[in-house]
Amino acid sequence: MAIKKSNKLSQSPVLKQILKKCSSLGKKNEDHLPVDVPKGHFAVYVGENRTRYIVPISFLSHPEFQCLLRCAEEEFGFDHDMGITIPCEEFVFQSLTSMLR
């Protein structure tokens, strides 16, 4: 019987980078945290208008959300101050996140 390797190991560096950049977890300097982002959540910007959504960190474990993050990384990268920008229509993002809750 073969043992399947989890692909979580390959995703781990990207998830750590996201958590470090956008999450309220693990930040030492509390002065720079957005007041409206609760612990265990992070902000993303979606659609043409860059509408801001606050999503739970638990979404990072869902393959569908990880696909959105890969698209965001390919199109915009993660090295900017605004937060993660998700390159999809708002209604697609809302549909996906409603299924993940």
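**Figure 1. The largest nonpolar core of this predicted model has 19 residues.** The residues with the most contacts inside this core are F42, V44, V55, F65, I84, I86 and F93. A nonpolar core is a set of buried Ala, Val, Leu, Ile, Met, Phe, Trp, Tyr and Cys residues joined through side-chain atoms within 4.5 Å. At least two core residues come from each of strand 1 (41-46), strand 2 (51-56), helix 2 (63-76), strand 3 (84-86) and helix 3 (90-100). Helix 2 gives the most, with four residues. Helices (H or I, at least four residues) and strands (E, at least two) are DSSP runs, numbered from the N terminus. The model is predicted: local features need pLDDT of at least 70 and side-chain atom pairs count only at pLDDT 80 or more, while totals for chains, interfaces and linings use all residues. Residues are numbered from 1 along each chain as its sequence is written, and side-chain values use heavy atoms, with hydrogens and water left out.

**Figure 2. F93 and its contacts.** Contact means heavy atoms within 4.5 Å. With neighbours within four places in sequence left aside, F93 is in contact with V44, V46, Y53, V55, F65, L68, I86 and C88.

**Figure 3. Strand 1 pairs with strand 2 and with strand 3.** Two strands pair if DSSP finds at least two bridges between them. Strands 1 and 2 are antiparallel, with six bridges, and A43 stands opposite I54 of strand 2. Four residues lie between the strands of this hairpin, where G47 takes a positive phi near 80°. The pairing of strand 1 with strand 3 is parallel and has three bridges; here V44 has I84 as its bridge partner. Is strand 1 mostly covered or uncovered? Five of its six residues are buried, where buried means under 20% relative accessible area, exposed over 50%, and partly exposed in between (1.4 Å probe, protein chains only).

**Figure 4. An aromatic pair, F42 and F65.** Rings of Phe, Tyr and Trp (its six-membered ring) pair if their centres lie within 6.5 Å; planes under 30 degrees apart count as stacked, over 60 as edge-to-face and the rest as tilted. The count comes to four aromatic pairs. In the pair of F42 and F65 the ring centres are 6.2 Å apart and the planes stand at 75°, so this pair is edge-to-face. F42 belongs to strand 1 and F65 to helix 2, 23 residues apart, and the pair links these distant parts of the chain. F42 and F65 are both buried. Ring pairs also join F42, Y53, F59, F65 and F93 into a cluster.

**Figure 5. C67 and C71, two cysteines in no disulfide.** A disulfide is a pair of cysteine sulfur atoms within 2.5 Å. Zero disulfides are found in a search of the whole structure. For C67, the nearest cysteine sulfur is that of C71, 4.6 Å away. C67 is partly exposed, at 38% relative accessible area, and C71 is partly exposed at 34%.

**Figure 6. The one salt bridge of the structure.** A salt bridge is a side-chain nitrogen of Lys or Arg within 4 Å of a carboxyl oxygen of Asp or Glu. The side chains that meet are those of D36 and R52, at 2.4 Å from N to O. D36 lies in the loop between helix 1 (8-22) and strand 1, and R52 in strand 2, so the pair ties together parts that are 16 residues apart in sequence. D36 is partly exposed at 46% relative accessibility, and R52 is partly exposed at 32%.
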